[in-house]
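Please consult the sequence and structure shown here before reading on.

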Amino acid sequence: MNEPSGPLTISVVDGIVSAVGEIDAHTAGQLSSALAGRAAEDVVVDLSGVTFLDSSGLRVLLAERQDHADAGTSLFLRAPSGPVRRVLELSGLAAVFEPYDA
């Protein structure tokens, strides 16, 4: 049986989507909802407060990245936390996402 996920808080301020908490099968829909309909413009996703990311979260990020590519815009990842960086590196996706350093 899966352990219940921790809470996920998402905020959108000045076009930056910030996530704090765990992104897993139970919470990935929140991230997807926050990103939905934003492909017409570049979007920054701040992942500095994410403590856990599983394949469900990766699927959301990849789908949004593709939507942005199709629209000619970019999905940037800002300050991915250590756990997020590790998942991106282990999955081979670290080079797929554009970093945002500002």
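Leaving aside neighbours within four places in sequence, His68 is in contact (heavy atoms within 4.5 Å) with Arg38, Ala39, Glu41, Val43, Thr73, Ser74 and Leu75. The model is predicted: local features need pLDDT of at least 70, side-chain atom pairs count only at pLDDT 80 or more, and totals for chains, interfaces and linings use all residues. Residues are numbered from 1 along each chain as its sequence is written, and side-chain values use heavy atoms, with hydrogens and water left out.

**His68**

- His68 is located in helix 2; helices (H or I, at least four residues) and strands (E, at least two) are DSSP runs, numbered from the N terminus.
- With a relative accessible area of 1%, His68 is buried; the term buried means under 20% relative accessible area, exposed means over 50%, and partly exposed lies in between (1.4 Å probe, protein chains only).
- The His68 side chain reaches the backbone oxygen of Glu41 at 3.3 Å.

**Leu62**

- Leu62 also belongs to helix 2, which spans residues 55–71.
- Leu62 counts as partly exposed because its relative accessibility is 32%.
- Not counting residues up to four places away in sequence, Leu62 touches Leu93, Val96 and Phe97.
- Leu62 and Phe97 are separated by 35 residues in sequence, and their C-alpha atoms are 8.6 Å apart in space.

**Helix 1**

- Ala28, Leu31, Ala34 and Leu35 are buried in helix 1 (residues 28–35).
- These residues lie on the same side of helix 1 because they cover an arc of only 125° around the axis, the arc being that of the directions from the helix axis to the C-beta atoms.
- The buried residues of helix 1 pack against strand 1 (8–13), strand 2 (16–23), strand 3 (43–53), helix 2 and strand 4 (75–78).
- Gly37, with a positive phi near 80°, follows helix 1.

- Leu47 touches Ala19, Ile23, Leu61, Leu77, Arg78, Ala79, Pro80, Ser81 and Val84, not counting residues up to four places away in sequence.
- In soluble globular proteins, nonpolar side chains tend to be buried together.

Technical notes:
A polar contact is a pair of N or O atoms within 3.5 Å; within protein, one must be able to donate a hydrogen and the other to accept it, and residues adjacent in sequence count only if both atoms are side-chain atoms.
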